[in-house]
Structure formats: structure tokens, C-alpha cells
Amino acid sequence: MAGEVIVMEAEDMRDRGFYTADGDNASGGEFVRLCGHDGKLWDRFDGPTDTYDICVFAQDETDGVSKIEVFVDGVKVGTIMLDQQTDGRGSNDGDFTGFTLAGIEVPQGAKIKLKAWRDGGEMVRIDKI
């Protein structure tokens, strides 16, 4: 939706396989990180029905190529590969990179879900959506 920003803090979403950690560069000082090999985050979207750019802020480390799939009401709308290697070796206090899926139709009340898989030493740290 042009001009409107709606933020879902990852640590406020429901999860399986993630835990909340503190980080100097995370919005609000917290983010989520995978506990093991894979996990899920989800929540209901309470904004108005419209077409949005969905931006996932994740840490893209240099020691793996992890994957995040994004779903809206059960339909996969995109895959984010953490393969740009932009955020160093990874640290709870490291930077986060924004990955944008443009022009996604999101109805009010839709379930937004992220599925993540860890590769190598890349821990899949997610700050916000």
C-alpha cells in the first residue's frame, strides 16, 4: 500500500523452532533466531486489504545459504535465499538486510507465515517483517 508501512516484529509473532534474542541492531532491541534446522513464524495481518511490498529483515551471513519461504493464507508468495553474504559471519549484534517481495496482495485478516531452513553456520536471524 503506497505510503503506509505496517511492521510485524518477528519476536511478537507465534513461532515454532525459534527463540527471542537481544541484539544491538534489531528494531526494539530483539529478534528471533532458529533453534535448530528449521522453524516457522506466523501471525494475522490486521491492516486493510491491498497490494503490499513484503520486506523481511534478516541477517545474511557469510557461512551458509539459508532459505525463508513466505506464505499469505497458505499460498507461497516468494522465497528469500540468504546468499548475498552481506552481514558478516553473523552475530546477535550484527546488521540486518531487507529482502523485498514486491506487489503481494494481502487481504485483511490473512495469515502471514514464514518457513525457514538453516544451512551451515547461518542461524537465520529475523528482525521484522
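In what order do the five strands of the open sheet that contains β1 stand, and is their pairing parallel or antiparallel? In this predicted model, the order is β1-β4-β9-β6-β7, and the pairing is antiparallel. The edges of this sheet are taken by β1 (14-16) and β7, each of which pairs on one side only, and neighbouring strands are turned against each other by 15 degrees on average, direction ignored. Within the sheet, β4 (residues 38-44) and β9 pair in the antiparallel sense over seven bridges, and Lys-40 stands opposite Lys-115 in β9.

Strand β5 (residues 50-58) pairs with β8 in the antiparallel sense over eight bridges, and Tyr-52 is found opposite Ile-104 in β8.

With regard to the overall fold, the protein has 10 strands and zero helices, so that the pattern read along the sequence is β-β-β-β-β-β-β-β-β-β. The radius of gyration is 14 Å, close to the 14 Å that the globule rule gives for 129 residues, and the protein is therefore as compact as a globular protein of that length. Along the principal axes, the C-alpha atoms fill a box of roughly 40 × 25 × 25 Å. Among contacts between residues at least 6 apart in sequence, 73% join residues at least 24 apart. The accessible surface comes to about 6,200 Å², and 44% of this surface belongs to carbon and sulfur atoms.

As to the interior, buried residues account for 44% of the 129 residues. The largest nonpolar core holds 28 residues, of which Val-56, Ile-68, Val-106, Leu-114, Ile-126 and Ile-129 touch the most other members. Two or more residues are given to this core by each of β3 (30-34), β5, β6 (66-72), β7 (75-82), β8 and β9 (111-117). When residues up to four places away in sequence are not counted, Ile-126 touches Ala-10, Phe-18, Phe-31, Val-32, Leu-41, Val-56, Phe-57, Ala-58, Ile-68, Phe-96 and Leu-114.

Key
Residues numbered from 1 in each chain as written. Predicted model: local features only at pLDDT ≥ 70, side-chain atom pairs only at ≥ 80, totals over all residues. Heavy atoms only, no water. Pairing = 2+ DSSP bridges. Helix = DSSP H or I, 4+ residues; strand = E, 2+ residues; numbered from the N terminus. Rg over C-alpha atoms; globule rule 2.2 N^0.38 Å. Buried < 20%, exposed > 50% of the residue type's maximum accessible area, 1.4 Å probe, protein only. Contact = heavy atoms within 4.5 Å. Areas by Shrake-Rupley, 256 points an atom, 1.4 Å probe, with all protein chains shown as cover. Core = buried A, V, L, I, M, F, W, Y, C linked by side-chain atoms within 4.5 Å. Axes fitted to C-alpha atoms, helices over the stretch in contact; angles between N-to-C directions.
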